[in-house]
Amino acid sequence: MLKHWGIMMAALAGAVWVTAASTPVEFGIFSPVQFPGSETTPVKGFRLNLCYTYNPAVYGIDLGVINNAKTVGGFAAGAMNAVHAMYGVQAGVYNRIGYSQDLEPVESSGVQLGWTNDVQTAFTGLQAGVANLGGTVAGVQIGLANSVESASESGWTLQIGFLNFNDDGYWPIMPLIGWSSGIQIIETVEVTESVVVDADGAVIEDEETVEVSAEVE
């Protein structure tokens, strides 16, 4: 009798722990068919899915066909990896960061390795694939075609590929090598000053012409 009660209490405690906090391991087929967690349970450890699985967060190793989470920290490998924020490595055919316009943009960092790497938010790190698409990128893009919508104000962007597109680069379209430093001259102001003297020849006001350039880095 006591043995049965002990088993029941342990199972109940385990279920509460997995549901309320997180699960170290999760196996999924197609959300919401996933065990022992659910679509609202973070995974801290290892997640494996046979088709498609969603969790609010995955920290650790994420393997499957379509891996979907709001936040991923660690290593994710699959045919498709779709997250809102990523800190680590994505390896797949299609990798996407910043999948929802309804969520507040979050800066991500790490490495994307795949056929197509797509970043819709600010990203720091490396993108390597056939096509690399970036929102605001600080780091390196290596691929057949590379694209950056805007240069990062906090760092440089290097593009190596057949065609490189960067609206904030030294040239918007560059073959082979593209570059932007994150430093832009935003305003040049010319101030004209003069010298004013009184009847005795004493200088009342001494002014000169100067050119002031403001830069952001």
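User: How many salt bridges does a search of the whole structure find?
Analyst: Two. Bear in mind that this is a predicted model.

User: Which residue does R47 form a salt bridge with?
Analyst: D62. The closest N and O atoms of R47 and D62 are 2.7 Å apart.

User: Is R47 buried or exposed?
Analyst: Buried. R47 has a relative accessible area of 0%. Buried means under 20%, so R47 qualifies.

User: And D62, buried or exposed?
Analyst: D62 counts as buried too, at 1% relative accessibility.

User: What about R96, which partner does it form a salt bridge with?
Analyst: R96 pairs with D118. Here the closest N and O atoms are 3.4 Å apart.

User: Which strands do R96 and D118 lie in?
Analyst: R96 is in strand β3, and D118 is in strand β4, residues 108–119. The pair therefore ties together parts that are 22 residues apart in sequence.

User: Is D118 buried or exposed?
Analyst: D118 is buried, with 6% relative accessibility.

User: Switching to aromatics. How many aromatic pairs does the count come to?
Analyst: Three. Take F27 and F46 as one of them. Their ring centres are 6.4 Å apart and their planes sit at 65°, so the pair is edge-to-face.

User: Where in the chain are F27 and F46?
Analyst: F27 is in strand β1, residues 23–30, and F46 is in strand β3. They are 19 residues apart, and the pair links distant parts of the chain.

User: How much relative accessible area do those two have?
Analyst: F27 has 46%, which makes it partly exposed. F46 is partly exposed as well, at 27%.

User: What is the geometry of the F30 and Y52 pair?
Analyst: That aromatic pair is tilted. The distance is 5.4 Å centre to centre, with 50° between the planes.

User: Which strands does the F30 and Y52 pair link?
Analyst: F30 belongs to strand β1 and Y52 to strand β3. The two residues are 22 apart, so this pair also links distant parts of the chain.

User: What relative accessibility do F30 and Y52 have?
Analyst: F30 is at 46% and counts as partly exposed. Y52 is at 21%, also partly exposed. The cut-off for buried is under 20%, so Y52 does not count as buried.

User: On to the core. Which residues make up the largest nonpolar core?
Analyst: There are 12 residues in all. They are V43, V58, A69, V72, A76, V83, M86, I97, V119, F123, V137 and V148.

User: Which strand gives the most to this core?
Analyst: β3, with eight residues. Both β3 (43–97) and β5 (122–142) supply at least two residues each.

User: What is V119 in contact with, leaving aside its neighbours within four places in sequence?
Analyst: V119 touches I97, Q112, Q127, L133, G134 and G135.

User: Now the surface. Which residues make the nonpolar patch?
Analyst: L144, F162, L163, F165 and I173. The patch covers about 470 Å².

User: Which strand gives the most to the nonpolar patch?
Analyst: Strand β7, residues 157–166. That strand gives three residues.

User: Where is I173 found?
Analyst: In strand β8, residues 173–180.

User: How much relative accessible area does I173 have?
Analyst: I173 has 49%, so the residue is partly exposed. Patch residues need over 30%, so I173 passes that cut-off.

Terms used: Residues are numbered from 1 along each chain as its sequence is written. This is a predicted model: local features need pLDDT of at least 70, side-chain atom pairs count only at pLDDT 80 or more; totals for chains, interfaces and linings use all residues. Side-chain values use heavy atoms; hydrogens and water are left out. Patches are made of residues with over 30% relative accessible area and no salt bridge: like charges are joined within 9 Å, nonpolar side chains (Val, Leu, Ile, Met, Phe, Trp, Tyr) within 5 Å. Accessible areas come from the Shrake-Rupley method with a 1.4 Å probe; for residues, only the protein chains shown count as cover. A salt bridge is a side-chain nitrogen of Lys or Arg within 4 Å of a carboxyl oxygen of Asp or Glu. Helices (H or I, at least four residues) and strands (E, at least two) are DSSP runs, numbered from the N terminus. Buried means under 20% relative accessible area, exposed over 50%, partly exposed in between (1.4 Å probe, protein chains only). A nonpolar core is a set of buried Ala, Val, Leu, Ile, Met, Phe, Trp, Tyr and Cys residues joined through side-chain atoms within 4.5 Å. Contact means heavy atoms within 4.5 Å. Rings of Phe, Tyr and Trp (its six-membered ring) pair if their centres lie within 6.5 Å; planes under 30 degrees apart count as stacked, over 60 as edge-to-face and the rest as tilted.
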